[in-house]
Amino acid sequence: MVAARRVDGRFGTRVAARAAQVAAIALALFWSLAPVYWMVATSFKTELEAASLAPTLWPHAPTFANYRGLWSGSLPFLSFFTNTLVTCLATAIVAVIIATPAAYALSRARFRLRAPIGYAMLVFRMLPLVVLLAPLYLLLLHARLLDTHAGLVVGFTTFGLPFAVWMLKSFIDAVPIEVEEAARIDGYRRWQILLKVVVPLILPGLLTTATFVFMEAWNNLIYPLTFITTLEKQTLPAALVLTFTGQFKTDWGGMMAAATLTTLPLMIAFFAVQRSMVRGLTSGAVAGA
Amino acid sequence: MVLPSVGVLAIVVGYPVLYTLLLSTQDYNLLGVTPTRFVGAGNYHKLLDDPTFWTSLANTALYTFGSVAVAAVLGLVLALVTEDVGGRRGRVARALLLTPWAVPFVVVAFLFRYMYLQNGGAINAVLLASGLIRAPISWLNEASLALPAVMVTNIWAMTPFFFLLLAAALAGIPNEVLESARVDRARGLSLVMHVKLPFLRNALLVSSLLMIIANFNDFAKIWAMTQGGPGYSTTTLVVYVYRQAFENFSIGYASAIGVVWLVLLLAFAVAYLRALRVH
């Protein structure tokens with residue numbers, strides 16, 4: 001009798017726990033997704049409905065006008081988009097190409113400066129970008145790279161490169177050294193081993209790293225805002241900030257359409273690398289531990 | 001092989017850092033209104049007497065530690081709550097919970113700015129409809145509310161990061177540990193407190209260190225939401241340095257603030273890594 005009641009009690013708490021769990025997950029999903037839904041829903045509302053004092057839960061008269069307006073409007077939205085895409089892709093590719101040999105050396109070679117260089121990369125990754133801002137501005141000014149996409153890529157490299165080195169190092173660390181020894185016996189040189197043996201093995205790692213650098217560059221606002229002075233050459237995040245006071249002042253529908261299109265590439269990149277994300281994020285962070 | 005990387009970084013990072021040190025001892029006007037001259041520790045003296053510097057330092061601390069602490073707790077709870085949800089449903093739920101993180105910072109900022117609107121903003125509409133408030137609140141235009149409002153935005157964007165890392169760490173707890181805890185009749189909360197949390201310690205430390213550094217440097221969200229206002233109520237050090245350098249054009253003074261801040265950040269990172277290494 002007593003035993004039966006105890007079992008019942010435990011069954012009861014289990015149901016309650018399960019209900020609490022479902023409720024908590026539902027609440028978390030609402031908290032995470034409601035703002036994103038609001039952005040997409042607003043982007044399909046008419047200008048009047050988006051600015052309405054009594055917000056509507058879904059677009060009552062769905063329209064593509066906001067998206068069409070981005071293409072036909074006075075602002076070169078398409079250029080903003082391609083500017084961002086080109087500079088972020090270039091940064092990702094350049095960073096990965098320069099970082100791969102460094103990551104390989106830091107992972108495999110034994111040389112005296114190995115530890116200091118490794119730590120320097122880590123410190124560089126932590127540097128506040130704004131500290132670099134003024135000198136970089138002057139550097140680009142003197143190199144005549146101010147207000148050019150090449151200059152912006154140089155800026156993005158300041159955080160993309162150290163990050164890529166650390167992340168690639170963690171991928172190369174995972175490659176068994178025996179593979180390379182076999183290649184060495186076959187008479188491969190160091191560069192050949194890197195290019196013909198190691199690189200093919202860490203291809204997924206290279207892609208993940210590149211995607212990460214791409215995402216970080218896509219998120220960056222302070223560099224384009226400072227280094228690009230012609231609106232036509234601007235990236236999306238900076239263009240949104242700069243034009244908001246003008247065209248989008250009250251046009252929240254247009255704003256949210258632009259925001260949705262700015263989010264899309266990042267969303268795709270994000271879910272493409274989501275699985276290898278944990279390693280990428282923590283690589284290097286525990287180097288001292 | 002490290003030469004290309006070291007070379008590039010020496011130019012784009014090493015040189016600027018040294019140059020910042022140099023600039024911080026000069027009175028350097030970007031527009032060249034006044035001739036550049038050496039002022040030694042002058043900029044640093046000025047800094048001590050600058051109330052806005054201290055305000056932005058306090059704002060930075062509050063913004064950083066406040067949002068990181070809340071996001072870490074939320075991420076931890078989410079990781080624990082979803083831990084035993086397996087299969088397809090679990091995968092979909094986890095992916096959806098990560099969504100906020102894939103939204104670019106500037107978009108997050110504008111999206112919340114829209115939802116915070118005093119008239120017709122979604123947040124005011126929900127609060128009014130539920131009877132929690134009687135009149136719409138102008139979240140971002142009120143000095144006492146602006147910083148918390150921006151922090152909520154930041155927490156929204158950052159929680160998935162903690163969720164992802166802590167969920168991975170939870171999955172990494174060896175089965176034997178959980179089994180032996182079960183034999184000892186550890187259950188529910190006590191299992192979490194005495195068995196799981198100690199295992200998550202390092203993951204929590206590492207992820208919060210990364211986020212603290214990222215938040216010290218966060219510019220996009222604050223700039224796109226409030227530009228540091230109203231008044232100086234949301235001005236953090238990044239915003240202040242940016243304003244000094246590119247609105248007042250006093251590069252020298254901005255560099256001095258940057259140097260002080262760099263020293264603070266490095267000291268903090270070293271202390272943190274020490275704490276990590278001890279265990």
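From the N terminus on, the elements of chain B follow the order α-β-β-α-α-α-α-α-α-α-α-α-α-α. Chain B holds twelve helices and two strands. Helices (H or I, at least four residues) and strands (E, at least two) are DSSP runs, numbered from the N terminus. The model is predicted: local features need pLDDT of at least 70, side-chain atom pairs count only at pLDDT 80 or more, and totals for chains, interfaces and linings use all residues. Residues are numbered from 1 along each chain as its sequence is written, while chains are lettered from A and ligands numbered from 1 in the order in which they are written.

The C-alpha trace of chain B spans about 75 × 60 × 35 Å along its principal axes. Of the 279 residues in chain B, 44% are buried. A residue is buried if 20 or more other C-beta atoms lie within 10 Å of its own, exposed if 12 or fewer, and partly exposed in between, with C-beta atoms placed from the backbone. Contacts (C-beta atoms, placed from the backbone, within 7 Å) were also sorted by sequence separation. In chain B, 70% of the contacts between residues at least 6 apart in sequence join residues at least 24 apart.

Chain A follows the pattern α-α-α-α-α-α-α-α-α-α-α-α-α-α along the sequence. Chain A has 14 helices and zero strands. Buried residues make up 44% of the 289 residues of chain A. Among contacts in chain A between residues at least 6 apart in sequence, 77% link residues at least 24 apart. Chain A is divided into domain 1 (1-32) and domain 2 (76-282), with bounds from an automatic or database domain assignment. The centres of these two domains of chain A, taken over C-alpha atoms, are 45 Å apart.

Helix H5 (residues 114-126) of chain A was checked for length. Buried residues in H5 of chain A are A:Gly118, A:Met121, A:Phe124, A:Arg125 and A:Met126.

Confidence is given as pLDDT, the predictor's confidence in each residue, from 0 to 100. Chain A averages a pLDDT of 82, and 90% of the residues score at least 70. Over residues 1-5 of chain A the pLDDT is below 50, and this stretch has zero contacts in the model beyond near neighbours in sequence. Where pLDDT is low, the predicted coordinates should not be read in detail. The mean pLDDT of chain B is 83, with 95% of its residues at 70 or more. In chain B, confidence is lowest in strand E2 (residues 37-38), at a mean of 72. Helix H3 (residues 51-81) of chain B has the highest, at 92. For the complex, the predictor gives an ipTM of 0.83 and a pTM of 0.85.

The contact between the chains takes 67 residues from chain A and 69 residues from chain B. Helix H1 (residues 2-43) of chain A supplies the largest share of the side of chain A that touches chain B, eleven residues. By class, that side of chain A has 55 nonpolar, twelve polar and no charged residues. Ala, Val, Leu, Ile, Met, Phe, Trp, Tyr, Cys and Pro count as nonpolar, Asp, Glu, Lys and Arg as charged, and the others, Gly among them, as polar.

Two residues of chain B were examined for their surroundings. B:Leu97 is found in helix H4 (residues 87-98) of chain B. B:Leu97 counts as buried because 24 C-beta neighbours lie inside 10 Å. Leaving aside neighbours within four places in sequence, B:Leu97 is in contact with A:Ala28, A:Leu29, A:Ser32, B:Leu78, B:Pro160 and B:Phe163. B:Leu97 and B:Phe163 are 66 residues apart in sequence, yet 8.4 Å apart in space, C-alpha to C-alpha. B:Trp101 lies in the loop between H4 and helix H5 (105-115) of chain B. With 22 C-beta neighbours inside 10 Å, B:Trp101 is also buried. Beyond neighbours within four places in sequence, B:Trp101 contacts A:Phe270, B:Ala157, B:Pro160 and B:Phe161.

Positive phi values were noted in two loops. Phi of A:Asp147 is near 65°, a positive value in a residue other than glycine. A:Asp147 sits in the loop between helix H6 (129-142) and helix H7 (149-173) of chain A. B:Gln227, likewise not a glycine, has a positive phi near 55°.
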